Amino acid sequence: MRTSEVLRSSVFSALVALATLGAAGQAMAFDDKVFDDKTGVKPQSSPWAVFQFGFSAYKSGHKDQAVEAYKYAAENGQIGATWKLARMYAAGDGVTRDDYAAFKFFSEIVDQDVEPGSPEESYVSDALVALGDYLRKGIPGTPVEENDVAAQEYYMRAAANYRNPNAQFEIGRMFLKGEGGVKASVKQAGRWLQLAAEKGHAGAQATLGNLLFQSGKVVRGLAMMTAALERAPAADQPWIRNMQEEAFAAAGEADRRTAISLADDILTKGNNGDQ
């Protein structure tokens, strides 16, 4: 599963603004300054300018140029460029997919001394979650082995230090199952799931709804699962649907009707229905 929190940093916002200025034409505007089609990145180019060029080249479809530019910028201290490389290798986007290469790039990011609240915190937060995801399963054929305890530590850093909802959701699930070196605790699970749910994480909303349903709060729990299913990204819809349908089948007709009405209210007003 992939997670994905919208980057809040001013750096990323500036790049988005740049991309809207002109796709391929904008990429070519940077060529004369930092990039040559034959030799690549020009010596002693500004890492920030090369990062900008890489982003513009990527948006205009020149992903081979983007990779070269990002590598130069990453080697010269641009954390955002390292993050872009990690995501490209993780997805096989413009390069051959290489999870171990992605893992190493993400590791470089989390090793940086980035304080919570800094413009670059989103890169670190996302990288921590990505490393946790890799360590949950390991990467076959590489030194990265399955390690739930290490995964939990990465998730906890992202959840506690950067308030990342994907990490908070994963910590909640670990407390539910007693994984990652933590003792099973519905109370602790609920705490972390609630934090993620308040940020709009559909998986957390559905799981929290199921906990409420199982505890006897049938209408609220079923309503939260139903609303979460409507909000969920495609990758999460199958497991949320299975959970919601199982609960729906176990509920009485009157509770179903009330829950559907409350779910509509949740979707309309944007609350979680758990107050």
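How many residues has H7, and how far does H7 reach from its first C-alpha to its last? The points below take up this question together with the remainder of the predicted model.

1. **Basis of the note.** The structure is a predicted model, in which local features need pLDDT of at least 70 and side-chain atom pairs count only at pLDDT 80 or more, while totals for chains, interfaces and linings use all residues. Residues are numbered from 1 along each chain as its sequence is written, and side-chain values use heavy atoms, with hydrogens and water left out.

2. **Confidence.** The average pLDDT (the predictor's confidence in each residue, from 0 to 100) of the protein chain is 88, and 83% of the residues score at least 70. Over residues 1-30, however, the pLDDT is below 50, although this stretch has 55 contacts in the model beyond near neighbours in sequence; a contact means heavy atoms within 4.5 Å. Where pLDDT is low, the predicted coordinates should not be read in detail.

3. **Overall composition.** The protein chain contains 14 helices and two strands; these are DSSP runs numbered from the N terminus, helices being H or I of at least four residues and strands E of at least two. Of its 275 residues, 51% are buried, where buried means under 20% relative accessible area, exposed over 50%, and partly exposed in between (1.4 Å probe, protein chains only). Among contacts with a separation of 6 or more, 55% are between residues 24 or more positions apart. The accessible surface comes to about 13300 Å², with 50% belonging to carbon and sulfur atoms; the areas come from the Shrake-Rupley method with a 1.4 Å probe, and for residues only the protein chains shown count as cover.

4. **Helix H7.** To answer the opening question, H7 has 17 residues and reaches 25 Å from its first C-alpha to its last, close to the 24 Å expected at 1.5 Å a residue. The expected span is 1.5 Å times one less than the number of residues. Because 16 of its 17 residues are buried, H7 is largely enclosed by the rest of the structure. The helix is followed by Gly138, whose phi is positive, near 80 degrees.

5. **Nonpolar cores.** A nonpolar core is a set of buried Ala, Val, Leu, Ile, Met, Phe, Trp, Tyr and Cys residues joined through side-chain atoms within 4.5 Å. The largest one has 56 residues, and those with the most contacts inside it include Tyr70, Leu85, Phe103 and Tyr134. H7 supplies the largest share of this core, nine residues. Not counting residues up to four places away in sequence, Tyr134 touches Ala90, Asp99, Ala102, Phe103, Phe106 and Ile139. Another core, of 26 residues, lies apart from it and has Phe213, Met225, Ile240 and Ala259 among its members.

6. **Salt bridges.** With a salt bridge taken as a side-chain nitrogen of Lys or Arg within 4 Å of a carboxyl oxygen of Asp or Glu, the count comes to 10. In the pair Asp126 and Arg87, the closest N and O atoms are 2.8 Å apart. This pair links distant parts of the chain, with Asp126 in helix H7 (residues 121-137) and Arg87 in helix H5 (residues 79-91), 39 residues apart. Asp126 is buried, at a relative accessible area of 9%. Asp99 and Arg97 also meet in a salt bridge, at 3.2 Å from N to O; Asp99 is buried at 19% relative accessible area, whereas Arg97 is exposed at 52%.

7. Glu253 forms a salt bridge with Arg256, the closest N and O atoms being 3.4 Å apart. Because they are three residues apart in helix H14 (residues 253-269), Glu253 and Arg256 are separated by about one helical turn. Elsewhere, salt bridges that share partners join Arg136, Asp148, Glu170, Arg173 and Glu179 into one network.

8. **Glu179.** This residue is placed in the loop between helix H9 (165-177) and helix H10 (186-198). At 23% relative accessibility, Glu179 counts as partly exposed. Leaving aside neighbours within four places in sequence, Glu179 is in contact with Arg136, Asp148 and Met174.

9. **Arg163.** Most residues other than glycine have a negative phi. Arg163, a residue other than glycine, has a positive phi near 55 degrees. Arg163 is placed in the loop between H8 and H9 and counts as partly exposed at 46% relative accessibility.
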